[in-house]
Amino acid sequence: MSHFHAVVWIDHNEAKVFHFNAEATDKLVLHAHHPKHADKHHTDENFFHAVAKAFSDAGEVLITGPAHTKTALVKHIARHDAPLLAKIAGVESADHPSDGQIISHARHYFEKHDHKTAQKV
């Protein structure tokens, strides 16, 4: 199922990518592959590439998560897949919310955001 909006919650270990509309949600979970010696500040370029690919068919995406991984993802996209930057509606901090809280926040975010943004056909 294809939805116009997506939200990504990402930390250094995993990313949850939700495509959604007012009634339905599709979820994909991706995991980083850290070498045993790496710490939480290690960036996994393959992980970031997979996350970007997972939301590339969305019209707009909200990226959330704790610490710096969400901004590292945006920097990766800027370097490796710049056209996706136009789909990023916002980047926000979010500690470790439940899946329901992530979706609820994203729906509320896009309700407010979409009233200010011309709709794409």
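## Stop 1: His 19

Start with His 19, which counts as buried at 11% relative accessibility. The cut-off for buried is under 20% relative accessible area. Bear in mind that this is a predicted model.

His 19 sits in strand β2. Now show its surroundings. Leaving aside residues up to four places away in sequence, His 19 touches His 3, His 5, Ala 6, Ala 24, Thr 25, Asp 26, Ala 54, Phe 55, Asp 57 and Ala 58. His 19 and Phe 4 are 15 residues apart in sequence, and their C-alpha atoms are 7.4 Å apart in space.

## Stop 2: the whole chain

Zoom out and switch to cartoon. The chain has 3 helices and 5 strands. Followed along the sequence, their pattern is β-β-β-α-β-α-β-α.

Colour by burial next. Of the 121 residues in the chain, 40% count as buried. Then consider contacts between residues with a separation of 6 or more: 63% of them involve residues 24 or more positions apart.

## Stop 3: the largest nonpolar core

Select Val 8, Ile 10, Phe 47, Val 51, Phe 55 and Leu 73. Within the largest nonpolar core, which has 21 residues, these six touch the most other members. Which elements each supply at least two residues of this core? They are β1 (5-10), β2 (14-20), α1 (45-55), β4 (60-65) and α2 (69-80). The most comes from α1, with 6 residues.

Centre the view on Leu 73. Not counting residues up to four places away in sequence, Leu 73 touches Val 8, Ile 10, Phe 48, Val 51 and Ile 63.

## Stop 4: where α1 meets α2

Now display the side chains of the contact. On α1, pick Glu 45, Phe 48, His 49, Val 51, Ala 52 and Phe 55. On α2, pick Thr 69, Ala 72, Leu 73, His 76, Ile 77, Arg 79 and His 80. What is the make-up of the residues in the contact of α1 with α2? There are 7 nonpolar, 4 polar and 2 charged residues.

## Stop 5: salt bridges

The count of salt bridges comes to 3. Take them one by one.

Stay with the two helices and select Glu 45 and Arg 79. They form a salt bridge, with the closest N and O atoms 3.6 Å apart. This pair links distant parts of the chain, as Glu 45 lies in α1 and Arg 79 in α2, 34 residues apart. Glu 45 counts as partly exposed at 31% relative accessibility. Arg 79 is exposed, with a relative accessible area of 54%.

Move to Lys 16 and Asp 99. Their salt bridge has its closest N and O atoms 2.9 Å apart. Lys 16 lies in strand β2 and Asp 99 in helix α3 (residues 99-114), so the pair ties together parts 83 residues apart in sequence. Is Lys 16 buried or exposed? Lys 16 is buried, with a relative accessible area of 15%. Asp 99 counts as partly exposed at 25% relative accessibility.

Asp 99 in helix α3 and Lys 27 in strand β3 (residues 25-31) are 72 residues apart, so the pair links distant parts of the chain. Lys 27 is partly exposed, at a relative accessible area of 44%.

Select Lys 16, Lys 27 and Asp 99 together. Salt bridges with shared partners join these residues into one network.

## Last stop: Ala 67

Finish in the loop between β4 and α2, where Ala 67 lies. Check its backbone. Ala 67 has a positive phi of about 55°, although it is not a glycine. Ala 67 is exposed, with a relative accessible area of 61%.

Terms used
Residues are numbered from 1 along each chain as its sequence is written. This is a predicted model: local features need pLDDT of at least 70, side-chain atom pairs count only at pLDDT 80 or more; totals for chains, interfaces and linings use all residues. Side-chain values use heavy atoms; hydrogens and water are left out. A nonpolar core is a set of buried Ala, Val, Leu, Ile, Met, Phe, Trp, Tyr and Cys residues joined through side-chain atoms within 4.5 Å. Buried means under 20% relative accessible area, exposed over 50%, partly exposed in between (1.4 Å probe, protein chains only). Helices (H or I, at least four residues) and strands (E, at least two) are DSSP runs, numbered from the N terminus. Contact means heavy atoms within 4.5 Å. Ala, Val, Leu, Ile, Met, Phe, Trp, Tyr, Cys and Pro count as nonpolar, Asp, Glu, Lys and Arg as charged, and the others, Gly among them, as polar. A salt bridge is a side-chain nitrogen of Lys or Arg within 4 Å of a carboxyl oxygen of Asp or Glu.
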